[in-house]
Amino acid sequence: MRFLRQNRAGLALIGLGLVFLVLGAGRGEIELVYRKAVNICMECIGLG
Amino acid sequence: MGKKKINHLRTAVQLCTAALTNGYAAGFIQGKIYKGPTKQVCVPGLNCYSCPGALGACPIGSFQAVVTSRDRSFSFYVVGFLLIFGGLLGRFVCGWLCPFGLVQDLVHKIPFPKKWKKLPGDKYLRWLKYLILVGFVILLPLTVLDVVGQGQPWFCKYICPSGTLFGGLPLVSANPALQSALSWLFAWKVGLLVFLLLLSVVVYRPFCRYLCPLGAVYGLFNPVALYRYSIDPAKCTGCTACQKACPLDIPVHKTPNSPECIRCGRCKAACPHGAICTGAAPKKPE
């Protein structure tokens, strides 16, 4: 109980993060991230 | 744990994390990048996904990739990762898990006649990272669009030295097709990288302190993250040994959860009274 009380804000943010992950996955963002990450990002390496 | 021991432990963790998140060795030899399913997942640190060895995705690059796509203006997925990493660890990520932080730490070990605790104007310069976060990571990618309505990853393109070091240099040196595409932009990014590395010899972690938007995000989590610091008022005498030991010159006895603190742990090792507590459930109130 003491752990929960002392870490309310941090735990709430982590919970919100989990909700956001699910929401983002539902909106197809995993695919967007994957597509960007498996192709050489010309901007990132200074060529784009 | 003594100062030397904590430094060695931290370097070991940094090296292991860098090797773990950049473990695709074939990429460095072939001048190609990894295309497996782990690339869907964001890593905690500033780790360019165009590094030939990268097994995961950089959160700052991924955020820009989503918001510059045509029908998105926010990334729940990437912000979700940031909330989880930040809520758990805060800027512990910067101190222990970021590969570009490791590089700056190693470069800072190079001897120099007079090391500086901070740059002149440090108080103002540290706000730059928030400007870069708002401007180069969020607003410019969202608002400056080309003829087909597509934005650009401004931070990755014009600033990120991690992308140049871990992505640009290894790929360009191993891939002749990319060498023919070099332009002023590459020269600018290499120049910025060299400048920051030279500055790292004199000042501890200049990129993290003044420019890194990921550090700006995680810093906001420091006061509430599960891993945080607290001061035992019954033990603290205000001797400032913590501030003297801190490479970022933070008065830890006054602000144990400063957004600048990267949780290197040197203050805790240096405190002669054991007044600095760390962890999720501090015994004494802050």
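The model is predicted, so local features need pLDDT of at least 70 and side-chain atom pairs count only at pLDDT 80 or more, while totals for chains, interfaces and linings use all residues. Residues are numbered from 1 along each chain as its sequence is written, chains are lettered from A in the order in which they are written, and side-chain values use heavy atoms, with hydrogens and water left out.

**Chain A**
- Chain A has 3 helices and 0 strands, where helices (H or I, at least four residues) and strands (E, at least two) are DSSP runs numbered from the N terminus.
- Along the sequence, these elements of chain A read α-α-α.
- The C-alpha trace of chain A spans about 50 × 25 × 10 Å along its principal axes.

**Where chain A meets chain B**
- Chain A brings 37 residues to the contact and chain B brings 51 residues, with contact meaning heavy atoms within 4.5 Å.
- About 3700 Å² is buried between the two chains, and carbon and sulfur atoms carry 72% of it; buried area is the accessible area (1.4 Å probe) that two parts lose on being put together, summed over both.

- On H3(A), the contact is made by A:Glu29, A:Leu32, A:Val33 and A:Lys36, and on H3(B) by B:Ser62, B:Ala65 and B:Val66.
- By class, the residues of this contact are 4 nonpolar (Ala, Val, Leu, Ile, Met, Phe, Trp, Tyr, Cys and Pro count as such), 2 charged (Asp, Glu, Lys and Arg) and 1 polar (the others, Gly among them).

**The two domains of chain B**
- Chain B is divided into domain 1 (3-221) and domain 2 (227-286), with bounds from an automatic or database domain assignment.
- Their C-alpha centres lie 27 Å apart.
- In domain 1 of chain B, 20 residues are in contact with 17 residues of domain 2 of chain B.
- These domains bury about 1600 Å² between them, 53% of it from carbon and sulfur atoms.
- B:Arg91, B:Lys117 and B:Tyr204 supply 33% of the area that domain 1 of chain B buries against domain 2 of chain B, more than any other three residues.
- The domains share 2 salt bridges.

Technical notes: Salt bridge = Lys/Arg side-chain N within 4 Å of Asp/Glu carboxyl O.
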